[in-house]
Structure formats: C-alpha cells, structure tokens
Amino acid sequence: MGDYSKMAEYYNIIMTSGYYDYSKVAENILEFYQGGSILEVGCGTGLILEKLIKQRKINKLTGIDLTQSMLDIAHDNLKYFDNIFLLNQNVVTLSLEDKYDLAFSYGGPWYFVRDNQEFYLISHICNNADNEKGIEQLSNHIYSGGRLLLGIQGPHYDYDKEIVNGMTYAQKIRPTANGFIKDYYLLDKDKIVMSQTLNYRIYDFDDVIKMLANYGLEYQPGQTKEKYFIEFKKN
C-alpha cells in the first residue's frame with residue numbers, strides 16, 4: 001500500500017518543483033464537473049484540492065489518504081477553506097457518510113500510464129483482491145450517473161533532478177513479477193536526507209476496463225482538451 005510517511009516532510013517541495021502541473025490537472029478535472037460534490041482518493045498534502053477550490057466554487061470537497069502525516073500537512077495548507085473535509089481512510093475499507101458526484105485519483109492509489117500509444121494501470125495496492133475491494137468500495141460512494149476520473153501520467157523511469165531548495169530528487173525502478181518497486185531519494189550533496197520504497201502493481205488496460213465494469217463503472221472514451229484523465233461513468 002502507498003504509505004508516504006517518510007516522504008511527507010519533503011513532499012510539497014518535490015512535487016511543486018515541476019513534477020506535476022497542478023493548475024492544469026485541476027482545470028482538467030473541472031471540465032467534467034457539473035456541480036455537486038467531489039472526492040479525491042489519495043489527496044496527499046492537498047495540492048490538487050487547493051487548486052480546485054481556488055478555481056471553482058464547489059459545494060463539498062473531500063480528500064482521503066491513508067498517510068496521516070500527509071493529511072496533517074493538508075490540514076494546515078487548507079485550514080481556511082471550510083467546505084474541504086480531510087479524512088484518514090484506506091480506499092480498500094472506505095466508509096464515508098456520503099456519496100459523491102465526481103471522484104478522482106491522480107497520483108493516488110490508481111492511475112494510468114501512457115507508454116507510446118499503450119495505456120496500463122498503476123496501482124499502489126499490490127494484492128489483486130484488495131484492488132477489487134477498493135474499486136467496489138469507491139464505486140459504492142459514487143452516485144448513479146456520477147464520474148470516476150483516473151489520472152494519466154508518463155512512464156516510470158530512473159532519473160534525478162535538482163529541486164528548488166537545491167537538493168536532488170532521485171528515483172530508481174526495479175521490476176517485479178506483477179509490477180515494480182520504486183525507490184525514492186532526496187539528497188543534499190552526498191547525504192541521503194529522505195528515502196522511501198513503494199511497491200506497485202501493473203494491470204493491462206483491457207483487464208482494468210473489465211474490472212471497473214464489474215462494479216458499475218463504465219469506460220467513457222471521450223477526449224478532453226488536454227487529456228489528464230480517463231473517465232468512467234457510474235451506472
């Protein structure tokens with residue numbers, strides 16, 4: 001499971017050093033928004049939630065994450081917005097009081113990777129049965145006619161880059177039978193100041209489409225202006 005507790009202290013500075021374009025991600029989400037409530041699965045430190053609430057009035061915006069230290073930072077970042085709710089929850093055992101009109105995961109438990117013209121799903125959840133449970137639980141919290149958006153990112157690969165505080169962020173990829181292991185590092189010259197290792201599972205595109213359809217989430221192949229997400233509609 002994607003527990004980012006070791007990375008939490010440095011997450012914002014790494015992710016805002018060109019890793020994602022959060023404004024564009026939020027704009028793309030809002031192309032699908034037709035009013036009502038939004039749920040982010042794997043909200044981390046709240047960087048996308050903050051962009052959403054600043055770009056559009058949203059009745060209710062909820063973020064869940066299983067890493068409490070990330071949520072602590074999100075609470076501090078978003079403390080002036082009274083219609084944002086942050087909850088420490090695991091999507092596999094998701095239990096919320098409400099259903100939502102739109103749910104999304106961009107860097108959360110599930111997202112797609114595009115490698116040339118092929119798509120495949122990356123999951124922070126390594127166990128197949130737990131992936132099924134998580135999708136079922138999430139589907140149960142989306143209104144009929146609502147939307148699920150799963151992000152699209154580029155392929156994972158080894159690299160290192162200097163970030164805005166002068167440190168170097170690096171990542172290394174090691175293949176496994178069903179996916180890969182990713183080692184994250186933050187270095188201050190030759191000193192490692194942060195390291196985090198996570199396991200990921202990979203699913204073929206057609207297998208994912210069938211899995212989500214089994215839980216009432218139907219693939220919508222339409223395009224957006226800049227495609228940051230693949231869309232599913234709840235039956």
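This is a predicted model: local features need pLDDT of at least 70, side-chain atom pairs count only at pLDDT 80 or more; totals for chains, interfaces and linings use all residues.
Close-up 1. A search of the whole structure turns up 15 aromatic pairs. In the Phe180–Tyr200 pair the ring centres sit 4.8 Å apart and the planes meet at 15 degrees, so this pair is stacked. Phe180 belongs to strand E10 and Tyr200 to strand E11, so the pair ties together parts that are 20 residues apart in sequence.

**Close-up 2. Phe205 against Tyr219.** Here the ring centres are 5.4 Å apart and the planes are at 85 degrees, so the pair is edge-to-face. It links distant parts of the chain, with Phe205 in helix H6 (residues 205-213) and Tyr219 in strand E12 (residues 217-220), 14 residues apart. Which of the two labels, buried or partly exposed, goes with Tyr219? Tyr219 is partly exposed, at a relative accessible area of 28%. Phe205, on the other hand, has 18% relative accessibility and counts as buried, because the cut-off for that label is under 20%.

**Close-up 3. An aromatic cluster.** Tyr19, Tyr20, Tyr22, Phe104, Tyr106, Tyr157, Tyr159, Tyr169, Tyr184 and Phe229 form one aromatic cluster. Two of these names, Tyr19 and Tyr169, come back in the next view as contacts of Ile14.

**Close-up 4. Ile14 and the largest nonpolar core.** In soluble globular proteins, nonpolar side chains tend to be buried together. The largest nonpolar core here has 49 residues, and Ile14, Ile29, Leu52 and Phe104 are the ones that touch the most other members. Helix H2 (residues 22-32) supplies the largest share of this core, six residues. Apart from it lies another core, of 29 residues, with Leu96, Ile125, Ile135 and Phe205 among them. What does Ile14 touch, leaving aside neighbours within four places in sequence? Ile14 is in contact with Met7, Tyr19, Ile163, Tyr169, Leu186 and Met194.

Close-up 5. An α-helix has 3.6 residues a turn, so residues three or four places apart point the same way.

Close-up 6. E2 (residues 60-65) is mostly covered, with five of its six residues buried. Strand E1 (residues 37-41) runs parallel to E2 and is joined to it by five bridges; in E2, the bridge partner of Glu40 is Gly63. To get from E1 to E2, the chain goes through helix H3 (residues 47-55), a right-handed β-α-β crossover. E2 and E3 also run parallel, and five bridges join them. E2, helix H4 (residues 68-77) and E3 make a right-handed β-α-β unit.

**Close-up 7. Phe85 on strand E3.** Phe85 is found in E3 (residues 84-88), where it is the bridge partner of Thr62. Not counting residues up to four places away in sequence, Phe85 touches Lys60, Leu61, Thr62 and Gly63. The C-alpha atoms of Phe85 and Leu61 are separated by 6.3 Å, although the two residues are 24 apart along the chain. Phe85 is partly exposed, with a relative accessible area of 38%.

**Close-up 8. Two loop residues with positive phi.** Most residues other than glycine have a negative phi. Asn116 has a positive value, near 60 degrees, and is not a glycine. It lies in the loop between strands E5 (110-115) and E6 (118-123), and at 67% relative accessibility Asn116 counts as exposed. Lys189 also has a positive phi without being a glycine, at about 60 degrees. Where does Lys189 lie? Lys189 is in the loop between E10 and E11, and it is exposed, with a relative accessible area of 78%.

Note on methods
Residues are numbered from 1 along each chain as its sequence is written. Side-chain values use heavy atoms; hydrogens and water are left out. Helices (H or I, at least four residues) and strands (E, at least two) are DSSP runs, numbered from the N terminus. Buried means under 20% relative accessible area, exposed over 50%, partly exposed in between (1.4 Å probe, protein chains only). Contact means heavy atoms within 4.5 Å. A nonpolar core is a set of buried Ala, Val, Leu, Ile, Met, Phe, Trp, Tyr and Cys residues joined through side-chain atoms within 4.5 Å. Two strands pair if DSSP finds at least two bridges between them. A crossover is right-handed if, with the strands pointing away from the viewer, the path from the first strand over the helix to the second runs clockwise. Rings of Phe, Tyr and Trp (its six-membered ring) pair if their centres lie within 6.5 Å; planes under 30 degrees apart count as stacked, over 60 as edge-to-face and the rest as tilted.
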